Amino acid sequence: MKSLLRQHRYALAVTLRRLAAAPLSSLTNLLVISLALSLPLLGASLLVSMQPVARQVSVTPELTIFLKIDAPAAAAEQIAKRVRQEHAALVAGVRVISKDRALNDLRGNPAWEQALKVLPGNPLPDAVVVSLTANDQLAQLADQLAQGWRKWPGVELVQLDTAWVQRLEALLRAGRIGLLLLALSVALVVLATVFNTVRMQAMSQREEIGVARLVGATESFVRRPFLYLGSLTCSLAALLGIGIARLALIPLNDALASLARSYDTEFALSLPPAELLAAAVVSVAILGALSARWSVQRNTQF
Amino acid sequence: MIEFQHVFKSYGQGRNILADLSFRVSAGEFVYVAGPSGAGKSTLLKLIGGLEPPSRGSIQVNGHRLDRLSARARPYLRRAVGVILQDTHLLYDRSAIDNVLLPLAVTGLAPSLARARARAALEKVGLSSKENIHPIELSGGEQQRLAIARAIVNRPAILIADEPTASLDLDSARRIMEVFKDFNRVGVTTVIASHDDTLMASYATRAFKVEPGKFADSASQRAPTYTQSGVMVKSQSPTLRATPDDALR
């Protein structure tokens with residue numbers, strides 16, 4: 001056991017010596033791999049940051065019933081009452097927003113203030129906002145309710161407020177698939193870079209490999225420094241990639257913060273959680289070792 | 001210790017470099033392999049060292065049939081056979097001691113013990129003052145001695161050397177042969193290929209003569225195909241007086 005540990009220590013020392021012997025080449029490889037890795041990391045940051053937004057909104061599904069513009073003032077209250085009576089089990093809450101209140105709310109928004117001043121009257125309808133109780137088939141149920149309420153007298157439009165959340169979720173799903181494809185492409189870049197690096201190293205260490213075999217080195221002994229080279233290069237590159245992604249998020253978040261402020265909200269991109277990043281570093285290190293093993297097996301058959 | 005039975009060796013579809021070779025070398029013998037260039041001396045040594053497989057026949061080294069030895073087990077046999085090839089195959093980007101340390105790193109020996117043994121090996125070949133010097137700064141004879149130090153540091157049971165004194169002056173050649181003799185004295189089976197019949201005659205206890213397609217053993221009464229004279233020494237029984245470790249003390 002001690003002997004095996006010593007052999008590993010020796011292999012690590014050989015790896016570090018080889019890396020130090022060609023600093024420019026080692027740095028270039030690190031940069032190429034780390035830049036490639038920073039791309040899916042940034043993509044993951046976007047997905048990780050968007051997911052809570054979608055989740056937060058989708059837990060409060062609402063349907064808004066807009067009445068016809070010329071509907072009588074009492075119509076909204078009647079519709080609210082009918083909703084409560086007919087769908088008591090499905091409805092968590094009903095509130096009426098009169099056209100005057102809606103206009104006042106809109107006037108409070110500086111972006112709309114000027115536009116509303118030039119309008120002759122109140123162009124907004126009365127509205128009834130219906131909150132639904134949580135249900136496994138909520139989307140389907142909300143759709144059925146909306147279709148039924150559209151036929152009620154005095155109703156102009158029923159808007160499903162969860163629709164945009166569904167669209168966002170669909171977008172996130174597409175984003176996840178895109179990220180997976182990007183991660184696969186990056187994995188190929190990592191594989192190719194490590195394979196080539198190890199191939200070059202194996203060629204330049206041909207004499208040393210020959211001598212090691214001559215004096216009784218096992219193939220594991222010959223391969224070990226190359227496996228360390230692959231995994232060490234990749235894990236360092238992954239850490240550097242995380243650093244690059246973190247740096248790239250600073251200007252991105254500055255720009256997003258200005259945008260979010262204009263919507264009176266807060267939003268910032270953040271890297272995936274530490275345990276996910278650690279898993280990514282380990283995965284990339286394993287990928288590097290596997291690529292190195294493949295390369296060293298192919299390129300040391302002499 | 002070493003036994004060849006009807007061994008043939010050819011490369012590709014070419015002619016046999018060695019044909020129907022059968023001999024046995026006992027533990028502790030000092031054997032000299034003579035013969036002209038291209039006769040197959042180096043090939044013979046490579047077969048003993050397990051560096052090349054025979055085309056036919058069986059070879060037994062240190063109790064192992066090489067043709068039955070798995071690829072996984074082969075490195076362990078190589079540790080028991082110290083090999084010094086014609087080209088020393090030293091690592092020129094490493095110091096002398098680092099070259100000698102390599103076979104010990106392969107076995108996973110503790111660094112302090114490994115360093116002590118490497119120093120002892122360098123001292124044995126007269127290079128203790130040059131342990132931190134790179135091989136490129138050493139003379140031809142010193143490089144050869146460094147290769148010997150690397151071959152003996154793992155305390156092999158068998159030492160094989162291919163032309164270890166080629167291109168050396170007589171004094172250097174004698175010093176190197178003395179090192180081999182020292183190891184042989186403590187029981188290390190030694191097989192050396194050389195052109196220098198006169199020098200070898202002073203050290204070897206037995207001689208093989210190889211010529212293209214022919215082989216003669218000075219210890220054998222059956223040497224019917226060998227016509228050229230020149231077997232220098234009579235075979236004698238080896239005497240084991242100590243262990244290989246003693247040579248490094």
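Student: How many bridges join strand S1 (residues 2-10) of chain B to strand S2 (residues 16-25) of chain B?

Tutor: Strands of a sheet pair through backbone hydrogen bonds, either parallel or antiparallel. In this case S1(B) and S2(B) run antiparallel and are joined by six bridges; two strands count as paired if DSSP finds at least two bridges between them. Within this pairing, Ser10(B) has Asn16(B) in S2(B) as its bridge partner. Please note that this is a predicted model, in which local features need pLDDT of at least 70, side-chain atom pairs count only at pLDDT 80 or more, and totals for chains, interfaces and linings use all residues. Residues are numbered from 1 along each chain as its sequence is written, while chains are lettered from A and ligands numbered from 1 in the order in which they are written.

Student: Which residue in the turn of this hairpin has a positive phi?

Tutor: That residue is Gly12(B), with a phi of about 60°. Five residues lie between S1(B) and S2(B) in the hairpin.

Student: In what order do the strands of the open sheet of chain B stand?

Tutor: The order is S2-S1-S4-S5, with antiparallel pairing. Because S2 and strand S5 (64-65) of chain B are at the edges with a single partner strand each, one side of each has no neighbour in the sheet. S1(B) is also joined to strand S4 (residues 56-61) of chain B, by five bridges; there, Gln5(B) has Ser58(B) as its bridge partner. Helix H1 (residues 41-48) of chain B lies across S1, S2 and S4 of chain B, at about 125° to S1(B). Helices (H or I, at least four residues) and strands (E, at least two) are DSSP runs, numbered from the N terminus. Angles run from 0 to 180 degrees between N-to-C directions, and axes are lines fitted to C-alpha atoms, for helices over the stretch in contact.

Student: How many helices and strands are there in chain A?

Tutor: Chain A has 10 helices and four strands. Its radius of gyration is 31 Å, well over the 19 Å that the globule rule gives for 302 residues, so chain A is more spread out than a compact globule. That radius is taken over C-alpha atoms, and the rule is 2.2 Å times the number of residues to the power 0.38. The C-alpha trace of chain A spans about 100 × 40 × 30 Å along its principal axes.

Student: Which strands stand at the edges of the sheet in chain A?

Tutor: The open sheet has the order S2-S3-S1-S4, with antiparallel pairing. At the edges are strand S2 (91-97) and strand S4 (155-160) of chain A. From one strand to the next, the twist averages 15°. Six bridges pair S2(A) with strand S3 (residues 127-132) of chain A, and Ile97(A) has Ala127(A) as its bridge partner in S3(A).

Student: At what angle do helix H9 (residues 219-262) of chain A and helix H10 (residues 274-299) of chain A pack?

Tutor: Two packed helices are described by the angle between their axes and the distance between the axes. For H9(A) and H10(A), the angle is about 145° and the axes are 7 Å apart.

Student: How many residues of chain B are in contact with chain A?

Tutor: On chain B 14 residues are in contact with 16 residues of chain A, where contact requires that the C-beta atoms, placed from the backbone, lie within 7 Å. Helix H2 (74-78) and helix H3 (96-107) of chain B each give two or more residues to this side of chain B. H3(B) gives the most, with four residues.

Notes
Contact = placed C-beta atoms within 7 Å.
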